Amino acid sequence: MKGLYIHIPFCKEKCKYCDFCSIVSSYDKRKEYVENLLKEFDLYGGKYDDIETIFIGGGTPSVLDIDLLRMVLDKIKSLINVERVIEYTVECNPGTITEELADLFLESGVNRISLGLQSTSDRLLKVIGRIHSYNDFKESYYLLRKKGIKNINVDFIYGLPGQTVEDIEADINEITKLNPEHISYYSLKIEEGTKFYQMYQAGEIEEIDEEIDRAMYHITIDKLKALGYGHYEISNFSKPGHESVHNLKYWRCHEYIGLGLSAHGYLDGYRYSNYYDFNEYYNSLSSNEKPILDSSEISGEDLLLERIMLGLRLREGISIAELNQEFDIDFLDIHGSEIKKHEEMGYMKIKDGRLFLTDSGFDISNYIISKFI
Ligand code: SF4
């Protein structure tokens, strides 16, 4: 069973930390994009029968004009039996959700909304260049609830310039009053090409101190766990039964179709990425070709590496028997001494045939995972 990801590369304004493929544009540009995107859907005819999850991300899908968004959602409905889709998510920004939009989501089969909040502090929202206040978020959240959306994810970032441990505590106190089903907490990375990168180079902002960053991560984990959220992936928490089925596909190396500018996909044993440039994307589609910039077959060894790297991000970890059988290896023979060393240090465990990171292993996950490569 596959997933489907669709990229909408538009935003109202560019956030200062953002290096995602998204631009601020006119209606005509957005329309041209959607018309091309619909052509791309048709190039994957016959591949949609076993779609189990859909994720429309970006950018900000909810800044698409309602007529354009309807074109995308109708196209999906014409190709996929959305009643059989178990998780259908649209990413939205607070302040961009209207009653009409919520109605459109519901009639199109959307059953999960992912809201980018990032912080409940209006001071910090301004620092990072978000278009909304915390109040805007609450209005959007309650509107979605009133309309009957029962599965909501809220995205946060920690390690923001000027953010304190008290800000993180305030985030969690606020958010738990709302009780979303799913919460993502990512650490800020100052990426090249962003406004923050320029500011960092000019000495206007600093990266957060490593110790404070870790303290924020631990407070988040402890508080969310105490509130009944399972820490099922390094940066993701959910109420029982609300783990993101779509994102689990990425971490479990299941296949998914990726459509849209810069989208990535994994299909028929190949990982591919689409063009990042609008004109190149349109040119391919005008010749009826998939707008793929790069594609590579994932061989047994590459797949094994991916399974280890991504699987160890998950609390469930990896099944040793499955890897042995699938790749015809003796996993413990290859990695036994590395595992033993990390088990003794309390970073890893094997239980019921699964290898996984402990809480302290999650803390230095990049380092440990690198030891298996
Ligand atoms: S809303 Fe999301 S995609 Fe758009 S600029 Fe901000 S972080 Fe980037």
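Modeller: First a term we'll need: buried means under 20% relative accessible area, exposed over 50%, and partly exposed in between, with a 1.4 Å probe and protein chains only. Also, this is a predicted model, where local features need pLDDT of at least 70 and side-chain atom pairs count only at pLDDT 80 or more, while totals for chains, interfaces and linings use all residues. Residues are numbered from 1 along each chain as its sequence is written, and side-chain values use heavy atoms, with hydrogens and water left out.

Biologist: Let's start with T53: is T53 buried or exposed?
Modeller: T53 lies in strand β2; helices (H or I, at least four residues) and strands (E, at least two) are DSSP runs, numbered from the N terminus. Its relative accessibility is 0%, so T53 counts as buried.

Biologist: Which side chain makes a polar contact with the side chain of T53?
Modeller: A polar contact is a pair of N or O atoms within 3.5 Å; within protein, one must be able to donate a hydrogen and the other to accept it, and residues adjacent in sequence count only if both atoms are side-chain atoms. Contact in general means heavy atoms within 4.5 Å, and not counting residues up to four places away in sequence, T53 touches several residues, including K2, V85 and K249. The polar contact, at 2.8 Å, is with the side chain of H246.

Biologist: And S114, which side chain does its side chain make a polar contact with?
Modeller: S114 lies in strand β4 and is buried, with a relative accessible area of 4%. Leaving aside neighbours within four places in sequence, its contacts include T89, C92 and D155. The polar contact of its side chain, at 2.8 Å, is with the side chain of N153.

Biologist: How many disulfides does the structure hold?
Modeller: A disulfide is a covalent bond between the sulfur atoms of two cysteines. Here the test is a pair of cysteine sulfur atoms within 2.5 Å. Take C92, which is buried at 3% relative accessible area: the closest cysteine sulfur, in C11, is 12 Å away, so that is too far for a bond. The count of disulfides is zero.

Biologist: On to helix α3: which elements do its buried residues pack against?
Modeller: The helix covers residues 99-108, and its buried residues are L101, A102, L104, F105 and S108. They lie on the same side of α3 because they cover an arc of only 160 degrees around the axis, taking the directions from the helix axis to the C-beta atoms. What they pack against is α2, β3, β4 and α5.

Biologist: How do the residues of the shell around the ligand divide?
Modeller: A residue is near a molecule or strand if one of its heavy atoms lies within 4 Å of it, and the residues around the ligand include C11, K14, Y17, G59 and R130. Ala, Val, Leu, Ile, Met, Phe, Trp, Tyr, Cys and Pro count as nonpolar, Asp, Glu, Lys and Arg as charged, and the others, Gly among them, as polar. The shell divides into five nonpolar, four polar and three charged.

Biologist: What is the omega of the peptide bond from G58 to G59?
Modeller: Most residues other than glycine have a negative phi, and most peptide bonds are trans. G59 is in the loop between β2 and α2. The bond from G58 to G59 is cis, with omega near 25 degrees.

Biologist: Where is D352, and what is its phi?
Modeller: D352 is found in the loop between β14 and β15. At 73% relative accessibility, D352 counts as exposed. Although D352 is not a glycine, its phi is positive, about 50 degrees.

Biologist: And what is the phi of D268?
Modeller: D268 is in the loop between β10 and β11, and its 48% relative accessibility means D268 counts as partly exposed. Its phi is positive in a residue other than glycine, near 50 degrees.
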